[in-house]
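Hello,

Here is the structure I promised to pass on to you. Have a look at it first, and then read on for what turned up in it.

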Amino acid sequence: MTCIWIIDDVTEILETMSLLLMAEGYVVKVFETADDLDLETLKYMCDLVITDVLMPKVNGYEVITMVNDVSEIPVIAMSGGAMDVCNVEILSRARKKATYFLKKPIQPNILRETVKKALSTRGLIAEKQEKKVG
């Protein structure tokens, strides 16, 4: 089963996105903060990470960096936050490192399509790794 981890500090967004993705047949694990992420487990149990960018404590850019440091798991970054000087810098960095970037509010069909694209990227990465080994 395909497993997607979602990190967002807004409970309603976590609930809505998880329900939508579970209805598509995905296994979903939600986190209200990146502090709870287990990067070792992520490497073996997760196929895609979706993270909000503007969060307290650990922001989405930091999440993307952590994920990229330990795996080639695709990351969808999302934000609907206000644009102040600090946020612009974080958003700019996140856009560059994420596999895809979505602006909130996210339409269900856009989320579904972007998840499929990101997961197909994961498949391509896995195929390349198998060819290198074989």
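To start with something you can check by eye: is Lys57 buried or exposed? Lys57 counts as exposed, because its relative accessibility is 70%. The cut-offs are these: buried means under 20% relative accessible area, exposed means over 50%, and partly exposed lies in between, using a 1.4 Å probe and protein chains only.

Before going further, please keep in mind that this is a predicted model, in which local features need pLDDT of at least 70 and side-chain atom pairs count only at pLDDT 80 or more, while totals for chains, interfaces and linings use all residues. Residues are numbered from 1 along each chain as its sequence is written, and side-chain values use heavy atoms, with hydrogens and water left out.

Now the charged pairs. Side chains of opposite charge can pair when their charged atoms come close. A salt bridge here is a side-chain nitrogen of Lys or Arg within 4 Å of a carboxyl oxygen of Asp or Glu, and by this rule the count comes to five.

- Lys57 forms one of them with Asp35, at 3.7 Å from N to O. Lys57 sits in the loop between β3 (48–52) and α3, and Asp35 in the loop between β2 (27–31) and α2 (39–45), 22 residues away. Asp35 is partly exposed, at 42% relative accessibility.
- Asp8 and Lys104 form another, at 2.7 Å from N to O. Asp8 is in the loop between β1 and α1 (11–23) and Lys104 in the loop between β5 (100–103) and α5 (108–133), so this pair ties together parts that are 96 residues apart in sequence. Asp8 is buried, with a relative accessible area of 0%, and Lys104 also counts as buried, at 17%. Together with Asp52, Asp8 and Lys104 are linked in a network of salt bridges.
- Lys43 and Glu40 meet at 2.9 Å, N to O. The two are three residues apart in helix α2, which means that about one helical turn separates them.

The helix and strand names come from DSSP runs, numbered from the N terminus: helices are H or I with at least four residues, strands are E with at least two.

Strands count as paired if DSSP finds at least two bridges between them. β3 pairs with β1 in the parallel sense over four bridges, and Thr51 in β3 is the bridge partner of Ile7. Four bridges also join β3 to β4, again running parallel, with Val75 in β4 as the partner of Val49.

Val75 is buried, with a relative accessible area of 1%. Leaving out residues up to four places away in sequence, Val75 is in contact (heavy atoms within 4.5 Å) with several residues, among them Leu48, Val49, Ile64 and Tyr100.

Finally, the inside. A nonpolar core is a set of buried Ala, Val, Leu, Ile, Met, Phe, Trp, Tyr and Cys residues joined through side-chain atoms within 4.5 Å. The largest one has 23 residues, and Ile7, Val49 and Val63 have the most contacts inside it. A second, separate core has 17 residues, including Ile4, Leu14, Tyr26 and Val28.

Enjoy exploring, and write back with any questions!
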